[in-house]
Amino acid sequence: MSAYALTKLVLTDFRNYAHLRIETDDRPVVLTGQNGSGKTNLLEAISFLSPGRGLRRAKLAEAANSNGSGNWAVAADVRLDGEETSLGTGLVRSGADTGKNGENRETQDRRSVRIEGRNASGSASLLEHVRINWLTPQMDRLFQEGAGGRRRFLDRLTYGFDAAHGSRTAAFDKVMRQRNRLLKEGKSDPHWLTSLERSLAETGTAIAAARRDCIARLNGAMEETGENAVSSAFPKALLSAEGLLEGWLADRPALAVEDRYRERLASLRRLDAAAGSTTEGPHRSDLGVHHRDKDQAAAHCSTGEQKALLISIVLADARLQAGLQGQAPVLLLDEITAHLDGTRRNALFDELEQMKTQAWMTGTDYALFSGLGKRAQFLTVDNGTVTETMVG
């Protein structure tokens, strides 16, 4: 199996790090330190090497060091099969400037992306060079809260099988905002609306189809036995994509779904204008998760079982990526040992070793990671500084 690995990480004015440089090898990385020392900030920095708003879903400006210029940067060298690629991203913050007529105008903050020192078209291009997935303590409530978090989790998994999925979801959101604005303003140009709705139907159907394909692959992985199976210490999950288009795709070809959704959007114009939003589509879909052995919805399982189900899904995804793409993702596992007993902790560590996955894990108690021994790199985080921890 091959796996992505960050071999160098450089932060500039990111959160509580004015400047930080870390060099690592292919092994898992364990970050220990007191709460508030900056462990999760490091994981968040790495998460910005993927599309989206990072594992905290913060506004870009919120990640800037309070004593810095307002800009921030994250750079990394990523190794796969002995070859390294240089990636970088950051916030370029601009203030007001003066227009041609002397008026003041606000300029937009923007996120820059660089690959091998050259500007890239957007964050989706990072998927061509590294895959990253994560679990955070906030996700322990994933099955108790609204559909948005589960949908984002599913989309992040889907990126691994379809690199264009991120671009599609961004394109769908952009066109949907245009349609919403047009309806809100009361502009009823039928040709313009029809064009926007045709685009939404095509893109939305592709999004739903990609999600269904991802779930089918993950459910298949849950059925695996032998050396390709996730450890029996973790429960097997049964996943489902729950949404309008996903349901239609179960018994209709994609072109028929496109036509039906386009017609549906046209029929909803008055309702959507009153609501100020597009009321139906893949942006309303949900991820269903069921505990197979207990025949129980994840929402009704204990906190520990919910966490174990999430870990099971992430490990199954990593195994699939390694097997199908030849590229196991980098995993960011924040406070991962919480709610895990010794058996499951050791099973997790063994899984990571077997897949040769570089996982960045955080915790306050070094002892909970001692089962890794020299299979991992241990770093101590202390208020903006990171030092190597010697393992006996």
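Modeller: Start with a hairpin: β16 and β17, with 2 residues between them. Asn383 in the turn has a positive phi of about 50°. Helices (H or I, at least four residues) and strands (E, at least two) are DSSP runs, numbered from the N terminus. This is a predicted model, where local features need pLDDT of at least 70, side-chain atom pairs count only at pLDDT 80 or more, and totals for chains, interfaces and linings use all residues. Residues are numbered from 1 along each chain as its sequence is written, and side-chain values use heavy atoms, leaving out hydrogens and water.

Colleague: In what sense do β16 and β17 pair, and over how many bridges?

Modeller: Two strands pair if DSSP finds at least two bridges between them. β16 (residues 377-382) and β17 (residues 385-388) pair in the antiparallel sense over 4 bridges. Val381 has Val386 in β17 as its bridge partner. β16 also pairs with β3 (residues 29-32), in the parallel sense over 4 bridges. There, Leu31 partners Leu379.

Colleague: What is the strand order in the open sheet of 6 strands?

Modeller: The order is β2-β1-β4-β5-β8-β9, with antiparallel pairing. β2 (17-23) and β9 (118-119) are the edge strands, each pairing on one side only.

Colleague: How do I read two packed helices?

Modeller: Use the angle between their axes and the distance between the axes. Helix α2 (residues 147-159) and helix α3 (residues 165-184) pack at about 135°, with axes 8 Å apart. Axes are lines fitted to C-alpha atoms, for helices over the stretch in contact (heavy atoms within 4.5 Å). Angles run from 0 to 180 degrees between N-to-C directions.

Colleague: Which word describes how α2 and α3 lie to each other?

Modeller: Under 35 degrees is roughly parallel, over 145 roughly antiparallel, 65 to 115 roughly perpendicular, and the rest oblique. α2 and α3 are therefore oblique to each other.
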